[in-house]
Amino acid sequence: MNRALTILVVMLVAVGFNYAQEQSNTLPQKRTTALRIATNIKLDGKLDEAIWQEAVVATNFIENDPAPGETPSQASEVRVLYDNQAIYIGATLYDAHPDSILQELSERDNMGNTDWFGVIIDAYQDGQNGLGFFVTPAGVQLDTKYSALGGGNNGPGIIFSGDRNWDAVWGSEARITADGWVIEMKIPYMALRFPDKQMQEWNINFGRQVRRNREQSFWNPVDPQEQGFVRQSGTMTGIRDIKAPIRLSATPFIAVYAENYRDKTSNPSSTWGRSFNGGMDIKYGINDALTLDMTLIPDFGESISDNQVLNLSPFEVRFDENRQFFTEGTELFNKGGLFYSRRVGGTPMHYWAVEGGDLLEEGEEIISNPQTTQLINATKVSGRLENGLGIGFFNAVAGQTSALVKSPEGAEREIQTSPLTNYNVFVLDQNLKNNSFITLVNTNVLRAGADYDANTTGTIFNLKNKKNSYGIFGSGAVSQKYYPDRADLGYRYGIGFGKISGRFNFEVYTNMESYDYDPNDLGFLRSPNERNIGFNFNYNVYEPFWKDRFNAGGFGFWTGYSRLHKPDVFTDYGLNAWAWARTKNFTNFNVWTYGEPFQTYDYFEPRTADFSRYFAYPRSFNIGAWISSDYRKKFALDINGNFRPFEADGRYRLNFGLAPRYRFSNKFSVRLSTDIYNWKNDAGFVDNWGDDIIFGVRDVFTVENFINANYTFNNKMSLNFRLRHYWSRAEYDSFHLLQEDGHLGTTDYNSFNDNSFNAFTIDCIYRWRFAPGSDIFIIWKNGIFGYDNLEESIIYNYNDSVNRLWDTPQSNSLSIKVIYFLDYLAVTGGNKNADKLDAGDDRDGWRMRGGRRR
């Protein structure tokens with residue numbers, strides 16, 4: 001049956017794409033012209049130089065949200081100038097009520113409750129890749145890098161959907177006037193990538209938000225029903241005889257740490273330590289397209305703490321990447337999902353073998369067992385050639401890591417938990433016509449000594465018709481592990497077809513992962529050995545309807561059928577439906593339901609390596625909803641919840657979340673959130689007891705709280721406070737033998753297996769942009785983690801979880817980190833006119849202005 005369905009999908013893909021290719025459409029494009037200047041432009045937000053009045057005016061913006069195609073409530077005029085060093089954007093943003101312009105302050109690359117203006121530049125005119133530069137009336141900058149979008153629409157929020165971790169050095173100045181507000185921007189060629197030719201023609205667009213109206217508009221129309229945001233840009237001509245400058249910058253840093261560890265059960269109960277770290281990030285433009293980034297002896301002290309959880313599942317927990325080097329400019333490496341950067345400098349490969357005692361001799365105790373490997377250096381080269389070929393190369397080296405253990409006689413020895421390891425990623429990504437692409441990705445892990453090496457090679461493609469209304473997409477990969485005596489080979493593939501633009505969209509697809517497919521040495525795969533086929537459709541409207549009570553809404557449906565690859569057996573069938581809407585007052589809500597109408601079979605929960613056993617999962621039904629109020633108000637509230645009853649005695653899952661936020665002023669805001677998860681009579685794996693697999697019926701109760709407070713002194717200085725408290729406990733009611741038919745039977749097993757996990761973290765980060773591209777961080781981190789599986793110490797209720805925090809071992813770290821941005825031309829005098837914009841002189845001062853280089 002599964003093979004027949006797969007063949008049907010492939011036939012639908014072929015027939016559908018053949019039809020789609022016959023469709024054609026030419027998007028409307030506005031045109032503007034940049035004017036060359038020979039005079040200096042002072043960035044002061046005034047546009048009072050006479051040359052501005054000679055420039056071509058780009059005007060007549062078109063609304064994108066909430067009423068697509070309409071004329072915006074406020075007029076906008078944009079002019080573009082250029083010289084041999086930069087382009088200059090001057091925007092006059094008229095507003096009939098300038099005293100009502102919203103301008104909440106926020107940290108760089110984050111937009112609060114504020115108006116904004118931005119420019120999107122696609123210099124290679126490929127319709128997929130572009131750069132965005134945005135400024136608020138308060139002078140807060142945001143820049144982002146766009147890459148090929150897989151599908152979907154261009155509704156609210158698409159403007160900031162790119163890689164916001166990418167940062168450039170550029171200048172801007174905003175000023176509120178009697179007629180609205182004015183923005184003046186200077187974007188140096190060092191921040192841009194463009195073809196090496198005499199006459200330049202770029203795709204460009206300008207955007208604006210009037211926040212009090214939640215109104216978003218663009219110079220060249222952006223249809224929220226059309227797939228592809230960057231491709232809906234206008235055209236700019238007039239730029240000629242410009243050259244890319246030498247792009248070489250260094251960002252040295254120093255960091256000092258004072259650390260305290262407190263454990264009331266130890267003697268002494270409190271210990272102090274200190275450390276010093278120094279290193280450097282280097283960025284070099286190999287040519288006009290390719291950029292080299294290096295980090296030497298990196299320090300990631302300003303990265304926020306991971307959200308640790310109690311994991312009762314058979315699957316690995318995936319944590320977000322918060323380290324700047326691994327989040328900035330990595331869009332090429334992330335294609336295909338074969339690169340999970342947390343593997344680099346992550347948990348040593350034999351860490352758990354030490355923790356679990358597998359590598360310990362009788363009576364040995366663990367003195368130290370580092371949870372992360374030491375990253376020595378990392379390098380990446382990335383960029384896109386004029387012919388649309390994107391090239392990416394990543395290399396990192398992590399040092400050897402060892403645990404220290406002690407015998408009962410007091411003898412100490414080291415156990416290697418991770419060898420010296422080299423990580424590599426290589427990517428070729430070719431842009432094709434019609435916003436299409438094909439990509440080749442290779443990841444490679446080489447380890448010193450006897451540990452195995454790994455290699456994964458994959459390809460991804462996305463082909464669209466001229467209208468970008470239909471697309472065929474697919475991927476495939478081969479994983480290999482090289483042991484001294486053998487090589488393990490696995491593979492996966494997938495293909496699908498869908499309608500990707502318009503009000504009505506659909507998708508049909510099939511995927512397969514073989515039994516031995518394992519890319520996890522440098523990638524992330526939750527579970528292998530699966531085959532599935534699915535279909536979904538959705539219908540969305542991004543304009544007022546139902547007598548203008550709503551300004552956007554939609555509904556959709558999904559169904560999916562799954563089997564194992566080996567053995568070839570049925571596992572799951574599910575149905576999902578949803579509907580959403582946004583009222584004219586900008587309250588958002590969503591309702592959804594999910595059901596598994598048949599008996600399903602979980603081959604992962606029994607934790608057998610050969611997938612020979614399964615758990616007969618009872619039928620279930622899930623219904624949920626969320627609602628979000630208008631964020632323009634000082635007080636806003638998000639609420640979500642769902643209820644999932646099972647066809648089993650008293651078994652259900654009830655989840656509820658509440659997240660109020662309050663904006664005290666344009667500088668200070670607080671957001672709280674609480675999520676409660678109550679899983680009653682949940683069933684899951686407990687233990688292997690001889691040849692028996694033991695399951696338990698348990699009550700799992702979890703509470704997670706966040707406090708996020710942000711105070712922004714000005715557009716260069718901020719203080720962010722983040723507190724998280726997480727508590728979860730699993731209390732077993734009974735134990736059962738997993739029978740051959742997947743159901744639960746009786747057993748004499750009665751070991752104690754209750755457990756709880758209590759986690760408390762604080763990340764308090766003060767950041768001051770004391771000079772262009774340069775920062776001072778003062779960071780306080782607090783961490784309390786307590787896992788208990790002993791009857792006398794388990795925490796069974798939430799109040800005790802709070803009270804016990806102060807008796808649990810905790811660590812505190814206070815650090816100061818100084819980062820200084822150095823540009824080669826400014827340091828060497830390569831540009832004699834270089835000066836600081838902060839002094840009021842714009843002459844090439846962009847080299848020491850704004851943006852992060854880390």
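Trainee: What does pLDDT tell us here?

Mentor: pLDDT is the predictor's confidence in each residue, from 0 to 100. This is a predicted model. Its chain has a mean pLDDT of 90, and 93% of the residues reach 70 or more.

Trainee: Which stretches have pLDDT below 50?

Mentor: Residues 4-26 are one such stretch. Beyond near neighbours in sequence, residues 4-26 have 35 contacts in the model. Residues 832-854 also stay under 50. For residues 832-854 the model has 90 contacts beyond four places in sequence.

Trainee: How many cavities of 30 Å³ or more are there?

Mentor: The count comes to six.

Trainee: What makes up the lining of the second largest cavity?

Mentor: The lining has 37 residues. L131, K145, W166, R193 and E331 lie nearest the cavity's centre. By type, the lining divides into 12 nonpolar, nine polar and 16 charged residues.

Trainee: Which strand gives the largest share of that lining?

Mentor: Strand 18 does, with four residues. Strand 18 spans 375-384. Other strands supply at least two residues each, including strand 7 (130-135) and strand 8 (141-146).

Trainee: Why is the Y542 and W580 pair called tilted?

Mentor: The structure holds 57 aromatic pairs. In this one, the ring centres lie 6.0 Å apart, within the 6.5 Å limit for a pair. The planes make 45°. Stacked needs under 30 degrees and edge-to-face over 60, so 45° counts as tilted.

Trainee: Where do Y542 and W580 sit in the chain?

Mentor: Y542 is in the loop between strand 28 (530-541) and strand 29 (550-564). W580 is in strand 30 (residues 570-583).

Trainee: Are Y542 and W580 buried or partly exposed, and why?

Mentor: Y542 has 7% relative accessibility, under the 20% cut-off, so Y542 is buried. W580 has 21%, which lies between 20% and 50%, so W580 is partly exposed.

Trainee: What makes W558 and Y594 a stacked pair?

Mentor: Their planes are 25° apart, under the 30 degrees limit, so the pair counts as stacked. The centre-to-centre distance is 6.5 Å. W558 lies in strand 29 and Y594 in strand 31 (residues 588-596), so the pair ties together parts 36 residues apart in sequence.

Trainee: Why is W558 called partly exposed, and Y594 buried?

Mentor: W558 is at 23%, between 20% and 50%, so W558 is partly exposed. Y594 is at 18%, under 20%, so Y594 is buried.

Technical notes: Residues are numbered from 1 along each chain as its sequence is written. This is a predicted model: local features need pLDDT of at least 70, side-chain atom pairs count only at pLDDT 80 or more; totals for chains, interfaces and linings use all residues. Side-chain values use heavy atoms; hydrogens and water are left out. Contact means heavy atoms within 4.5 Å. On a 1 Å grid over the protein atoms alone, a cavity is a set of points where a 1.4 Å probe fits but cannot get out, and a pocket is an open set with protein on both sides within 12 Å along at least five of seven lines; lining residues have an atom within 4 Å of a point. Grid points are joined across faces, edges and corners, and a volume is the space filled by probe spheres set on the points. Ala, Val, Leu, Ile, Met, Phe, Trp, Tyr, Cys and Pro count as nonpolar, Asp, Glu, Lys and Arg as charged, and the others, Gly among them, as polar. Buried means under 20% relative accessible area, exposed over 50%, partly exposed in between (1.4 Å probe, protein chains only).
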